[in-house]
Amino acid sequence: MTILKLISQENDISQETMAKKVGVVPSMINKYLKDFEENGNIIKSGENKRNMSYELTEAGKKRLQFLTLSFVDEVSELYTETKDSFKKVFQTLKKDNLKDILLYGAGVVGGIVLKVLKDENINIIGFLDDSSLKQGDRLQGIDIYPPEKAKELIYDALIIASFRKSEKILEKATEKNLEKLYIFKIDDEGNISLEGR
């Protein structure tokens, strides 16, 4: 899908540029381009690789539309499943009246947790992170602070936004005397719950 999209945006894009944007080696791009050409999705023109250009055919445009819709469908299904697995988390937040949340961990999991909680209108007041490279930056518009900053902030819960490193982060948070700590637990069916510590 991404290769067809790149071609639709820039006819004279190089295979090297495509490879960098897609995250594969140029030889794989060449293989995909051959397949697209054989299937009638693109037309190549040019004397050599240095001045090659590509054009989406009508079949290629329809293929791109189909792949885009399929991608959106899969992503929305994954998002729905993700929200479903967080139901117990939402129940705990509501039951315990936890409205202003601080997340510890501004990584991939932190970003996912942020999206899911924001969609439930839960106020995320900031991230804490041990990495000095992240501190002072923002993740999806939310400030990232050093852990010590938590003592200056008003929050209802400090959720460790990690699964693999949750015990290690919990230990650090405890050593720093941070309060209102919660960690995620995952049951055998993949449901996520929140456990106060």
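Residues are numbered from 1 along each chain as its sequence is written. In this predicted model, local features need pLDDT of at least 70, side-chain atom pairs count only at pLDDT 80 or more, and totals for chains, interfaces and linings use all residues, while side-chain values use heavy atoms, with hydrogens and water left out.

**Exercise 1.** Determine which strands pair with β7, and describe the burial of its two faces.

*Solution.* Step 1. Strands are DSSP runs of E with at least two residues, helices are runs of H or I with at least four, and both are numbered from the N terminus. Two strands pair if DSSP finds at least two bridges between them.

Step 1. Strand β3 (residues 100-104) runs parallel to β7 and is joined to it by four bridges; Leu103 has Ile159 as its bridge partner in β7. Strand β8 (residues 181-186) also pairs with β7 in the parallel sense, over three bridges, and there Ile160 stands opposite Ile183. From β7 the chain passes through α7 to β8 in a right-handed β-α-β crossover (with the strands pointing away from the viewer, the path from the first strand over the helix to the second runs clockwise).

Step 2. In a regular strand, side chains alternate between the two faces of the sheet. In β7 (residues 157-160), Ala157 and Ile159 lie on one side and Leu158 and Ile160 on the other, and all are buried (under 20% relative accessible area with a 1.4 Å probe, protein chains only).

**Exercise 2.** Identify the residues with the most contacts inside the largest nonpolar core, and the element that gives the most to this core.

*Solution.* Step 1. A nonpolar core is a set of buried Ala, Val, Leu, Ile, Met, Phe, Trp, Tyr and Cys residues joined through side-chain atoms within 4.5 Å.

Step 1. The largest such core has 24 residues, and Leu93, Ile101, Leu103, Leu117 and Ile159 have the most contacts inside it. Elements giving two or more residues include α5 (87-95), β3, β4 (123-128) and β7. The most comes from α6, with four residues.

**Exercise 3.** State which helix gives the most to the lining of the largest pocket, and the make-up of that lining by class.

*Solution.* Step 1. Helices α6 (108-119) and α7 (166-175) each supply at least two lining residues; α7 gives the most, with three.

Step 1. By class, the lining has seven nonpolar, four polar and six charged residues (Ala, Val, Leu, Ile, Met, Phe, Trp, Tyr, Cys and Pro count as nonpolar, Asp, Glu, Lys and Arg as charged, and the others, Gly among them, as polar).

How values were computed: Buried < 20%, exposed > 50% of the residue type's maximum accessible area, 1.4 Å probe, protein only.
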